[in-house]
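Hi,

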Amino acid sequence: MTVASPIVSHAAVPAARLTDSHGRVIHDLRVSVTDRCNYKCVYCRTGELGAQFPELGIDEYLRLIKLFVGLGIEKVRLTGGEPLLRRGLTELVEELARLRTHSGNPLDLALTTNGHLLDTLAAPLKAAGLNRVTVSMDAVDAPTFERITRVPGSFKKVVAGVRAARAAGLTPLKINCVLLRGFNDNEIEGFARFAREEDVIVRFIEFMPLEEGRLWTPEIVVPLAEIVGRIGRSMPLVPMPPREASETARRYTFEDGVGEIGIIAPVTQAFCGACSRVRLTSDGKIRTCLFSQVEHDLYGHMRAGESDAELRDYIARTVQGKEARHHIGEPGFLKPSRSMVHIGG
Ligand code: SAM
């Protein structure tokens with residue numbers, strides 16, 4: 001193991017659980033390990049901007065994540081940018097897999113990726129201790145897919161990545177699809193078939209105002225009710241019960257019980273009341289909501305030489321101030337200063 005730093009040990013230091021002033025317990029951390037991306041998805045990026053924020057060292061992410069785990073975080077999702085571009089990712093996963101939660105269990109370790117490099121990285125990541133991956137795919141038709149990613153040959157690569165992830169046992173395997181009206185909403189039924197054929201869970205996500213450009217309008221969002229209605233006309237859907245209160249997806253199976261689709265509806269059916277998440281950006285800032293107007297410079301405090309106890313105290317105080325909810329679609333809504341790719345989706 002090459003990344004362990006002298007400041008990191010694996011014993012989580014139990015402390016009070018992370019809560020916010022609205023009574024929510026925070027047990028889910030999303031960490032961006034780079035804001036570089038090898039795709040330029042048209043609804044996410046303008047195509048003119050590259051990476052905008054620095055990356056921390058792998059040992060620095062490890063130290064910060066460990067502080068959160070000491071405060072009761074149970075699930076860590078690595079994301080970006082495109083996390084598979086990040087050197088040292090497998091070593092980071094290996095170290096994270098050694099950590100234990102307050103209850104003594106390993107972390108639930110997940111990764112969100114565009115899947116482009118997963119064909120070669122799925123097996124090493126699984127061996128390092130990764131539990132699950134979510135692959136983003138916005139079409140199941142190759143030309144449409146490549147019009148969205150703006151990368152020729154990307155569809156074939158991602159399908160190979162999905163199959164490699166399944167073969168490696170990174171399951172249940174989820175595919176996330178952001179739907180935009182008039183753009184890829186004709187893919188809905190194709191995705192429902194894909195879920196059954198490829199034995200993956202497809203989750204449709206409502207488009208949020210987090211793009212680099214200015215594309216978002218309420219009309220471009222394909223709402224949950226419409227997605228359910230459209231699939232149901234050709235393949236009747238059966239609702240599945242939620243597994244936990246903070247589950248973001250409304251889940252459905254088909255009449256024969258084969259396959260699962262989910263719909264994440266942050267715009268039309270916001271789930272902020274059950275939110276259990278905080279985010280750490282690639283440059284070490286805490287974001288308590290995707291739509292936060294302020295960021296909290298945890299890395300700055302670390303660089304200033306604060307002790308683990310001081311840093312945990314800073315995290316706990318910051319999380320207390322987590323926003324009650326987002327205000328998408330309301331008068332006066334302000335887009336955050338960072339877009340999704342630079343926050344970590
Ligand atoms: N590169 C990785 C990937 O493609 O999964 C991780 C980062 S990407 C920003 C994470 C997820 O955010 C992707 O599923 C992407 O489709 C989604 N996303 C990007 N912009 C979005 C938006 N404005 N609304 C909803 N989801 C968005």
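Please keep in mind that this is a predicted model.

I started with the ligand. Its shell holds 18 residues, and the closest are Tyr 43, Gly 81, Glu 82, Ser 136 and Met 208. Sorted by class, that shell has eight nonpolar, eight polar and two charged residues.

A nitrogen atom of the ligand lies 2.7 Å from a backbone N or O atom of Met 208. On the oxygen side, a polar backbone atom of Thr 113 is 3.3 Å from an oxygen atom of the ligand, and for Asn 114 the distance from a polar backbone atom to a ligand oxygen atom is 3.5 Å. The ligand exposes 540 Å² when taken alone, and the protein buries 94% of that. As for secondary structure, β3 (108-113) and α10 (340-343) are the elements that give two or more residues to the shell around the ligand.

I also looked at the second largest pocket, which has about 210 Å³ of space. It is lined by 18 residues, of which Pro 242, Glu 247, Ala 249, Arg 250 and Arg 251 are the closest to its centre. Two or more lining residues come from each of β8 (249-254) and β9 (260-264), with β8 giving the largest share, four residues. By class, this lining has 13 nonpolar, two polar and three charged residues.

Best wishes

Methods: Residues numbered from 1 in each chain as written. Predicted model: local features only at pLDDT ≥ 70, side-chain atom pairs only at ≥ 80, totals over all residues. Heavy atoms only, no water. Near = heavy atom within 4 Å. Polar contact = N/O pair within 3.5 Å; in protein donor to acceptor, adjacent residues only side chain to side chain. Areas by Shrake-Rupley, 256 points an atom, 1.4 Å probe, with all protein chains shown as cover. Nonpolar A, V, L, I, M, F, W, Y, C, P; charged D, E, K, R; others polar. 1 Å grid on protein atoms, 1.4 Å probe; cavity = no way out; pocket = protein on both sides within 12 Å on 5 of 7 lines; lining within 4 Å. Points joined across faces, edges and corners; volume = space filled by probe spheres on them.
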